[in-house]
Each structure stands twice: as C-alpha cells, then as structure tokens.
Amino acid sequence: MSLTHHIPHLLGIEGMTEKDITPFLDLAESYALLSRSRNAPRDVLQGRTVINLFFEDSTRTRTSFELAAKRLGADVVNMTVATSSVNKGETLLDTASTLNAMHCDLLVVRHAQSGAPALLSQKVEASVVNAGDGMHEHPTQALLDGLTIRRHFGRLSGLKIAICGDIAHSRVARSDIHLLRAMGNDIHLAGPPTLLPGALGTLNGVTLHHNIDDALKDADVAMCLRVQRERMGSGLVPSAREYFSLFGLDRRRLALAKPGALVMHPGPMNRGVEIASAVADSPQSVISEQVEMGVAVRMAVLDRLSRMKNPA
C-alpha cells in the first residue's frame, strides 16, 4: 500500500506488514459473512464512482470488482482497452488525463506492463487498485488467498504452504509470497528449473524444490499455479502430459501433505496439467471459496481506500 499526494492506493503487497494486511482481512471477513446473509451494506460507496480499466482481458477479476463495487452502492464504469491500441507511456498519460476529467474516486487497473498502475497512481486523483500488472503483482488475489487460508485454520501464520507451478511468470505467486512471508509462514516453492527463479531461495522463509513431492510433504496448503500453454511451445516446460507427470497435483501427491490440507488454485485451471480433476473437485479443494472471498476482499479494499481518502 502506498500514499501518493496523500491519496491511498493498493499497488502491491511488497513492503506491507502484518499490521497493514490484517485490517483488510478483518474487514473482508465481515463482508464475507454479510454477503452470505444477503445483508451487505448498499450505501458505503454511495455517490462514489469506480472505474474498472482493463488493458488485459480478465472477465473473472473484472466481474469480481464490479460485484464488489455495486454491492457497496458505487456507480461502476467498465473500460476495456484493446491491447493493440496501447503504445508506450504516452497513452497511459493520455488516459490519466481523461480519467481526471471524469472525477472518478477509485480506479481498478489491469495492465500487461509491470508498473503501469503505479505510473497511473502518480497522475490521477483517484485511489488506484492494482488488479494485476505484468509479472509484478496481483495484491487482491494474495489477500483473498490469505483470507481463505485464515478462515480454515483460524490463523495465517506458522503454516507450511507449498506453491507449485510457473513461479517465474506469476504475479499471483509474487504477491502471495510477500503476504505469506509478512504473516510468518513457511513457504515451499516447486517447479521446473526454467520456471523457478533461484533468487527467491535467498528470501527468509522460502525454500525451493525441483521435486514437488518434497514441497508437499506435511504441507498445510497445496497451491497450484496455472501453466500457460505458450510456455510449452517456447520449450520452458515439457509437454502437458510430461508436466503433469512431474509436477501435477494428483491424489497420490496430495496424500503427502497433512490430512485435510487445503487445495488452492487462483484459476483458470488447466485440468490434467497442473491439477487433476479428482483433486480440484475434492472436499479438500477451496477453489470455489477463493472466488467467493475475492468479492469480499475487493469490497474491503474499495471500502478502506475510500475511507482513507475521505475520512469521516
């Protein structure tokens, strides 16, 4: 979280402490309970405008933010910008000028280039929420993952968490690692050498494995990351079948984790590549709950940023 000209933004998890993270999780927990009871307050963001500015397609994330904003009573505008029309920094600055003229209050940004939301945050008068930028971060995904884990264990510390898959290209992995380290967990990363940056092994609380079985042993949480098909075409990973045989989460491998270990996936899943259908649909899977917590977390983020910007 950062403050630019006293405007609060959520641009990434890196640098946030337990003290910074916990209020988001606590408020999101209350919104999760209210949403289930159909009693979410409709006036928290009444009179506020939220713009979802997506330079990359992501129906699920955009819809989650849209639901969150509407449940809080905000006016919501969805702006999808074709990637082909985006050229370098000037276009972003032109966009910022347009957004300032619209006088929006909260700006949710997804962009293929790392740092684009941060650049916009310096140029707009709205609070900016990073909905995923390049290979940098995806902070609300980490918050919803953290909330899901905390709801099941009653805590978000002292857990062994295995994250398996394409770590190198994953903004989800980066945000999750920052959050889980800040909260005091034991993180084990597993993947092919081509997809597992060695520098991560120098971080306190992080252990690297090229054998997924080692990462999963006695884990409390098993999180799979999507492996994009283009990684296979570029030779970074073997075929889908071979990847699954080496790194896929199946029933045998899940049995290496602690009994009742949670199975997580940020989606969208490639069934039979990073995760077996029998595991994805098992009672240990909380993948559907992650989607539900996503709306609650985004309600909490929009609420807190709005309150920080416009204190009562």
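Leaving aside neighbours within four places in sequence, which residues is H138 in contact with? In this predicted model, where contact means heavy atoms within 4.5 Å, H138 is in contact with T61, R110, A131, G132, R171, V172, S175 and R298. Residues are numbered from 1 along each chain as its sequence is written, and side-chain values use heavy atoms, with hydrogens and water left out. Because the model is predicted, local features need pLDDT of at least 70 and side-chain atom pairs count only at pLDDT 80 or more, whereas totals for chains, interfaces and linings use all residues.

**Annotated residues**
- An unreviewed UniProt entry lists R60, T61, R110, H138, Q141, G267 and P268 under "binding site", an annotation that may be inferred rather than shown by experiment.
- H138 lies in the loop between β6 (127-133) and α5 (139-153), with helices (H or I, at least four residues) and strands (E, at least two) taken as DSSP runs numbered from the N terminus.
- H138 counts as buried because its relative accessibility is 3%, buried meaning under 20% relative accessible area, exposed over 50% and partly exposed in between (1.4 Å probe, protein chains only).
- R60, placed in helix α2 (residues 59-71), counts as partly exposed at 39% relative accessibility.
- Not counting residues up to four places away in sequence, R60 touches P266, G267 and P268.

**The sheet**
- Five strands form an open sheet in the order β9-β8-β7-β10-β11 with parallel pairing, where two strands pair if DSSP finds at least two bridges between them.
- β9 (206-209) and β11 (262-264) stand at the edges with a single partner strand each, so one side of each is left without a neighbour in the sheet.
- Strand β7 (residues 160-164) pairs with strand β8 (residues 186-190) in the parallel sense over five bridges, and A162 has H188 in β8 as its bridge partner.
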